[in-house]
Amino acid sequence: MMAADSDPESEVFEITDFTTASEWERFVSRVEEVLNDWKLIGNNSSKPPEKGEYTSGTWEEKTQDINFADFKFSVTHHCLKQESEEGEGKEEPEEDAFPTAMQDLLCMNNDFPPRAHCLVRWYGMREFVVISPGANCEAVISESKCNLLLSSISISLANTGCQVPMFVQIQQKWRRMYHGECQGLGVRTDFEMVHLRKVPNQYNHLSGLLDIFKSKIGCPLTPLPPINIAIRFTYVLQDWQQYSWPQQPPDFDALLGGEVGGVEFGKLPFGACEDPISELHLATTWPHLTEGIVVDNDVYSDLDPLQAPHWSVRVRKADSPTCLLGDFLTEFFKLCSKKESTEEILGRGPVEEEGKDDISHALSKLTEPTAVPIPKLSVSNMVHSARKRIRRHRRVDESPLSNDVLNSILLYLFPDAAIDKSSSENSESKASQLNTDGKPEEKESDDYNLYNQLKSAPSDSLTYRLALCVCLVNFYHGGVRAVAHLWQEFVLEMRYRWENNYLVYGLASGPPDLRCCLLHQKLQMLNCCIERKRARDDGRKTAEGGKERERGRERKVSGATGTENGRLGPESAEMGREVSPGKSWDSWSDSEGEDEFFECLSDTEEMKEAGSTDGEKGGAKVAKPDGRLHPHGKLTLLNSQEPLYIPVTQEPAPMTEDLLEEQSEVLAKLGTSAEGAHLRARMQSACLLSDMESFKAANPGCTLEDFVRWYSPRDYVEEEVVDENGDTVVRGDLSARMKIPGNMWMEAWATAKTTPARRQRRLFDDTKEAEKVLHYLAVQKPADLTRHLLPCILHAAILKEKEEESVEDILSVRKAIQQATSHASKLLRHPSPDYKKLEDVITQLIAVETVIARSRSLKAKFGIGKAEQGDNAEDLERFVSSLLEEPEVSVVGAGRGPAGSIIHKLFVSAQRAALLAPLDEDTGRGGGADDKKPMGGASVPDFPPPAGREILLRTCVPRPAPYSKALPQRLFCVLMREDFRLAGAFSSDTSFF
């Protein structure tokens, strides 16, 4: 039974195949593959790096992931890109050349680089490979794992012959602990590191660190070769003392007070609310010292910062300082995400409902028989009476904007309102001469034409000023509620101006400018409507005056009351209504009706009657020319010798971009069928038909050929032919496209009547279009308004930053503004801008504002702009500019130069303030700035204890035996309050060891 049970076990056995690669061997092999792929095999020695090249040069990185079993590692190759890497150093025999990394250990051209990888700073290498744990992988902490990784890279380097140093990152990542190795022909360098929280007392000075270095290299030579020492102490200045931040806070009370002029509204704030420079770091460097020259131990130190031969400075910038312009833009941009409508934000009380009822019944009251004069019942009066009632019953605390603020804003937006409107012509001519900033605009300058790129609005336009006011009230006066209130008042003002024929101030004349934002186009469209309406009303007044005079003459001559009196009676009554100062009656007529003409139907009938009377008298019907502008050069009609006259035509209907898009969609929906194409052509030929009718009226007896010669000369082809008599004559004919059967031009010519422009139906119904614009404005939510005005605000911000930059003259800022402008231009010209990307533009503008604020802060601290600087002013300006552009700037003359003297004074002031202030409080006396000694009697040091000390020790000694090659040894020491690091590179000769 036992045997039976053991049978299965006896059949199970394992064979260990020692030829199969283990996970460790696979890992080593993978590392070797990566080194071969990157072609890091052999010695690629090159010329020594130039001074400062580690900072100014370009560093390249290549990364590849590898696995050790299921643990992921990342292999990264760091390399300084040099122009002539190949061909340098190959004259030396390859077996005698050290690896490049060993040569770099002794190079002094790039000690303490201000901006580089930590291994570059500690070991001075230009090329190395790092193996570190992958993302989301635990750190390599255990000693056995660390040794396993070090063994892996040692084997890989030996197998491949790679002379580039390799490091493995161990311990937690924040500790930046690296161990590594570099192998050459018969030489090896081990990279080791020590990291502690506290500095041991015995190693808190140069003499203790020299002891460590000497003991580590273990040089057997009795006279030890000289050790080269480089030392850098870094001092931090945080308390600027007596150099207050120069930004003046805005006067919030006076900014929008009633007594302040409107010019204040046109200015965006600028500058940081706090000092954007938080610290100044002074690095005092002794680049070339030897052990016997300097003394630094626990009792005494020769290292006086004022005596350091080299000073360099860097500034630490405050993280995202609060900036005024940036806050304005950010708060304004937040409005884009609001969902509420104006009514939901402001609410509708019973009094407001009552006002709405009055407005809604305005038209019915106009049509009811009443003895009250019609002007008092116009819609504008209803609107304003409702608005007064709303204001009268609304409590003060319910209004987001006070009356003083609101009146100041409206006066800034509409300065022509301050001029007496009784003489409208005068007022408009005066208003047109006004400017927001009181000085004429340079309309040809790039800054003025910036609105073309950003699709915003001219900087002297109403839309631009409205954007500034909306931004202002949003930030200072209650956010979205204040914006809704201001917009409500603005729309009411637009309605009032349309009702009373007052042109909207601050808009260029002419059709809507499609280069501007849609809101600007809508306001221009409203202005076009007002202009057309005024011209029509003025024409009626003139015509009525002439007819009245004619009727008076006829009555005096004959006293008859025939058909003319019957015609003039109702017309004069209608004209009386039309000329009423409140509003033109005709502008409220049905815009879709077929009886809408520039003049009444009775005038057309009169023309027909006059024509028939003339025909009866002359025995033949002769058309009377009408609506002539001027002769068209020397051209004559083809069928007679009458000159060809250019007719007075209707202006084409102005259109905004949304109407053009809507029209395009309608035309596209008609399809490509013959019927659809015909209908599309008819829709597009309304203006052509109107011009044909005007041409027929101005040129009786004309033909289609005559019209084409004026309207489209290229479609009238003239050629020389020989007539019957053999003479060469010029004959013309329509082009081939004009002769196509069913041609729209021929159809339109056949249907066109002989009607001058003044008697035609209007191509542009100003009443309908104005009401559409006003409705469009009324339904805009605050978020919609913000999106409309965002291009104008970005435009204003860019102009403000250009203005501020011109004072500071910072090249990097100029480039940044250009980039932000270009970026914004691409986004804003898109039909539906990406608002996430527009937020990036605002971030760019905030960054520009921050840089300018930093420049002003540094200039204030270094006294730039003061008269006493004299000859050193230019040097200081260059120094401050370099501080903004570069990571670290050398101080010319160190502590004895102009910049060094100012920095010394800054430290002295900070030291005295730090050491004397507590003593003054204790003793109860107000110590002056000139007090230089605290109570203890000891003098106040000029500089605080160094925040960081870096000591670099280098030498070249034979290791491990006296007869070995002399190889470079290096120890980099970092001593800070809570950080102590030793990074050593120790080379040894492996030829016989």
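Let's start with two phenylalanines: Phe-862 and Phe-879 are both buried. Please keep in mind that what we have on screen is a predicted model.

How are their rings arranged? A pair of aromatic rings is described by the distance of the centres and the angle of the planes. In total, the structure holds 29 aromatic pairs.

Some of those rings gather in a cluster: ring pairs join Phe-695, Phe-707, Trp-710, Tyr-711, Trp-745 and Trp-749.

Lys-522 lies over the face of Tyr-776, 4.6 Å from the ring centre, and the charged end of Arg-709 sits over the ring of Tyr-716, at 5.8 Å from its centre.

Now to the core. Phe-862 comes back here: along with Met-494, Ile-903 and Leu-953, Phe-862 has the most contacts inside the largest nonpolar core, a set of 135 residues. Beyond its neighbours within four places in sequence, Met-494 touches several residues, including Phe-414, Leu-462, Val-504 and Leu-774. There is also a second, separate core of 48 residues, with Tyr-54, Ala-101, Phe-112 and Met-193 among them.

Finally, is Cys-687 buried or partly exposed? Cys-687 is partly exposed, because its relative accessible area is 26%. You'll find Cys-687 in helix 24, which covers residues 686–698. Thr-649 is 38 residues from Cys-687 in sequence, and their C-alpha atoms are 9.3 Å apart in space.

Terms used:
Residues are numbered from 1 along each chain as its sequence is written. This is a predicted model: local features need pLDDT of at least 70, side-chain atom pairs count only at pLDDT 80 or more; totals for chains, interfaces and linings use all residues. Side-chain values use heavy atoms; hydrogens and water are left out. Helices (H or I, at least four residues) and strands (E, at least two) are DSSP runs, numbered from the N terminus. Buried means under 20% relative accessible area, exposed over 50%, partly exposed in between (1.4 Å probe, protein chains only). A nonpolar core is a set of buried Ala, Val, Leu, Ile, Met, Phe, Trp, Tyr and Cys residues joined through side-chain atoms within 4.5 Å. Contact means heavy atoms within 4.5 Å. Rings of Phe, Tyr and Trp (its six-membered ring) pair if their centres lie within 6.5 Å; planes under 30 degrees apart count as stacked, over 60 as edge-to-face and the rest as tilted. A charge sits over a ring if NZ of Lys or CZ of Arg is within 6 Å of the ring centre and within 35 degrees of the ring normal.
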